[in-house]
Amino acid sequence: MGDSINQTHFDLVKNNAAGDWKAIIRYLLRDRSLGAVTNDIEVIEKKAPGDIKEQCQLMFNLWIKLYKNVTATQLVEVLKKIDLNRLAFDLEEIIRKDGEDNPPRPDQAAVQSEIPSQGMNPLDRNRVALVGKMVINAGLLNYLRQDGVITEQNEAQIKAGGATEFIQNERLLDLLKKRPSTDLQKFREALKETNQEYLVELTITK
């Protein structure tokens, strides 16, 4: 689990190398054409003009949206390729500590598979992936309103201030994690209805 990508890893890069995000993105998306990556960069700059940390975050969101099973080790390798070796070392240390901290005991495994422990809400555990991959503008809010999961006021709060899709996704998850399991099931159905079935497994307690 230490190699699983999470927001802590992204924050480390944002806080220490946000200005290098254009170099980083070219390696993260290296299998895309130069024209496609150039367009990605332009889109990101338009979404967060002048805010390099937000641009860096949007880059990571795009990365995990385009590719499945991205890892922290992949990010380390990219940092090394652009000579951000000290930052790569720091990230490797975080990965190592993540892997060492509180491994589950064998006698806890069965219990953990049936009963989610405090802080193990799947919307929290998989927050980075959900925020980065979910397409809220695909009609997701309409389905949730139709099923009574959110109200018109909730939708207005999610969209307030001309929020980016990233921010809207965060606000929706913050709202949903406080709701009963029946609403979470309706959220899964809404994902399916908007052709985002691949995200359903990220909302299931394991």
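1. Contacts of Ala 72. In this predicted model, Ala 72 is in contact with Asp 3, Ser 4, Ile 5, His 9, Leu 91 and Ile 95, once its neighbours within four places in sequence are left aside. The residue is found in helix H5, and it is buried, with a relative accessible area of 0%. Its C-alpha atom is separated by 8.3 Å from that of Glu 92, which stands 20 residues away along the chain.

2. The buried side of H5. Ala 72 is one of the buried residues of helix H5 (residues 72-81); the others listed are Leu 75, Val 76, Val 78 and Leu 79. These residues lie on the same side of H5, because they cover an arc of only 165 degrees around the axis.

3. The residue after H5. Asp 83 follows H5 and has a positive phi, near 65 degrees. Asp 83 is found in the loop between H5 and helix H6 (85-100). Is Asp 83 buried or exposed? With a relative accessible area of 61%, Asp 83 is exposed.

4. Tyr 198. The segment after helix H13 (181-193) also holds Tyr 198. Here the relative accessible area is 38%, so that Tyr 198 counts as partly exposed. Apart from neighbours within four places in sequence, Tyr 198 is in contact with Lys 68 and Lys 133. From C-alpha to C-alpha, Tyr 198 and Met 134 are 9.8 Å apart in space, while 64 residues apart in sequence.

5. Overall make-up. The protein has 13 helices and zero strands. Of its 206 residues, 41% are buried. Among contacts with a separation of 6 or more, 67% are between residues 24 or more positions apart.

6. The aromatic pair. How many aromatic pairs are counted? The count comes to one. The pair is formed by Phe 10 and Phe 60 and is stacked, with 4.2 Å from centre to centre and 15 degrees between the planes. Phe 10 lies in helix H1 (residues 7-17) and Phe 60 in helix H4, so the pair ties together parts that are 50 residues apart in sequence. Phe 10 counts as buried, at 0% relative accessibility. Phe 60 is also buried, with a relative accessibility of 0%.

7. Helix H3. Helix H3 (residues 34-47) contains 14 residues. From its first C-alpha to its last it reaches 20 Å, close to the 20 Å expected at 1.5 Å a residue. Which residues of H3 are buried? They are Val 37, Asp 40, Ile 41 and Ile 44. The four are placed on the same side of H3, because the arc they cover around the axis is only 100 degrees. The cover over the buried residues of H3 includes helix H2 (21-28) and helix H4 (52-66).

8. Asp 40 within H3. Asp 40 lies in helix H3 and is buried, its relative accessible area being 10%. This value counts as buried because the cut-off is under 20%. Not counting residues up to four places away in sequence, Asp 40 touches Ile 25, Leu 29, Arg 32 and Leu 62.

9. The second largest pocket. About 270 Å³ of space lies in the second largest pocket. Its lining consists of 16 residues, and those nearest its centre are Lys 47, Leu 58, Leu 62, Lys 65 and Glu 165. At least two lining residues are supplied by each of H3, H4, helix H9 (127-133) and helix H12 (165-176). Which helix gives the most to the lining? H3 does, with five residues.

Definitions and conventions: Residues numbered from 1 in each chain as written. Predicted model: local features only at pLDDT ≥ 70, side-chain atom pairs only at ≥ 80, totals over all residues. Heavy atoms only, no water. Expected span 1.5 Å × (residues − 1). Buried < 20%, exposed > 50% of the residue type's maximum accessible area, 1.4 Å probe, protein only. Arc of directions from axis to C-beta. Contact = heavy atoms within 4.5 Å. Phe/Tyr/Trp six-rings, centres within 6.5 Å; stacked < 30°, edge-to-face > 60°. 1 Å grid on protein atoms, 1.4 Å probe; cavity = no way out; pocket = protein on both sides within 12 Å on 5 of 7 lines; lining within 4 Å. Points joined across faces, edges and corners; volume = space filled by probe spheres on them.
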